[in-house]
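This briefing covers how pairs of helices pack in one model. Two packed helices are described by the angle between their axes and the distance between the axes.

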Amino acid sequence: MKYLDEYRDEKIAHALAQEIRERVTHPWVLMEICGGQTHTIMRYGIDELLPREVELVHGPGCPVCVTPLETIDKALELAALPDLTLVSYGDMLRVPGSSSDLFHAKANGSDVRVVYSPLEALKLARANPARKIVFLAIGFETTAPANAMAVWQARREGLNNFSVLASHVLVPPAMRLLLGSPDNRVQGFIAPGHVCTVMGYRQYEEMVNEFRVPIVVGGFEPVDLLEAILMLVRQLEEGRAVMENQYVRSVTRDGNLPAQQIVETVFEVCDQKWRGIGTIPQSGLRIRPEFSAHDAEKIFGMSEIKVEEPTECISAQVLKGLKKPPDCPAFANGCTPESPLGAPMVSAEGACAAYYRYRRHKVLQERVCNG
Ligand code: SF4
């Protein structure tokens, strides 16, 4: 299949890994931002192809993982209301809030439904004028345009029974936070290809200049990631720090301008809490006042909820690249995809779920050997 087979070609992958081995003379810590990239790395054993000098740590780019507990609790509060249907993507149903999750709310009689796009939620609103339809809209810049379009379309059609509970996050402010942190270990970033397909990479150029850190936009197949790693290693070994784009088949410098325009029309930038990390200034999107008739927070007068993360979950350190999932004592030992303690074990894009799926036996073997 074009654009797929050649990016999974074993010979090309091994040749790239060999070139990385030949180039490396120093230890380097690289972070892939996106959870989809983490899964490819684990699935194809890309980290095991690399020389020991190149360490990959996993970033905060899993939208489900960074959605705050408070948002899940708000969704649960809404789902309990009569005449209300709460709609979201399937993987949000199992994300634990502070005391329950939407899956259990559904099992207990709440009207919670799964959709594949916000436009399906709009259809539900049109078909059920007597019910209030609330779409739980989470994600990075990648999902923001479709969610913005749903709000814009609802206002255009006067669909006053449709609203959105929005919890959107932006990648560059989180990278800035990591880079500015005194315990930062990351020396080069693989920027998220899907986010950059929408937003382009101008914002990352600013970061390269400010922090003197190399950033390469990377795709999601094994050859994409090995090529992005090679591009970063070349820069680091040569003492350069520039913005480069490995994912040229999808990403341009300016990105998708109409998609950016609809996001700008419907949303405004705000401070945002990230699960496991805390509040990052100017790192989220909220619905503009002009569209408040479709803003669930405003319509239902939702108050601020404060909740604590389970103490045994170290997802904050995992999401900042300071620790890896097997470092967590609860990994596969109380925390599993069937019974997750933290969001990185729930989501298909979560780093803990990736290690559990592809490395669990190795981690458990090592634990037995180490007593
Ligand atoms: S393994 Fe579970 S408890 Fe540990 S960091 Fe991951 S999600 Fe949290």
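Helix α1 (residues 10-23) packs with helix α12 (residues 222-238) at an angle of about 15°, and their axes are 9 Å apart. The model is predicted: local features need pLDDT of at least 70, side-chain atom pairs count only at pLDDT 80 or more, and totals for chains, interfaces and linings use all residues. Residues are numbered from 1 along each chain as its sequence is written, and side-chain values use heavy atoms, with hydrogens and water left out.

**α1 and α12**
- The angle makes α1 roughly parallel to α12 (under 35 degrees, taken between N-to-C directions on a scale from 0 to 180 degrees).
- The crossing of α1 past α12 is left-handed (the near helix is turned anticlockwise from the far one by less than a right angle).
- From α1, the contact (heavy atoms within 4.5 Å) includes Ile12, Leu16 and Arg23, and from α12 it includes Val223, Leu230 and Glu238.
- The residues of this contact divide into ten nonpolar, no polar and six charged; Asp, Glu, Lys and Arg count as charged, Ala, Val, Leu, Ile, Met, Phe, Trp, Tyr, Cys and Pro as nonpolar, and the others, Gly among them, as polar.

**α2 and α16**
- Helix α2 (residues 35-44) and helix α16 (residues 351-369) pack at about 15°, with axes 9 Å apart.
- α2 and α16 are therefore roughly parallel to each other.
- α2 passes α16 in a right-handed crossing.
- Thr38, His39, Ile41, Met42 and Arg43 of α2 make the contact with Ala351, Ala353, Ala354, Tyr355, Tyr358 and Arg359 of α16.
- Seven nonpolar, two polar and two charged residues make up the contact of α2 with α16.

Notes
Helix = DSSP H or I, 4+ residues; strand = E, 2+ residues; numbered from the N terminus. Parallel < 35°, antiparallel > 145°, perpendicular 65-115°, else oblique.
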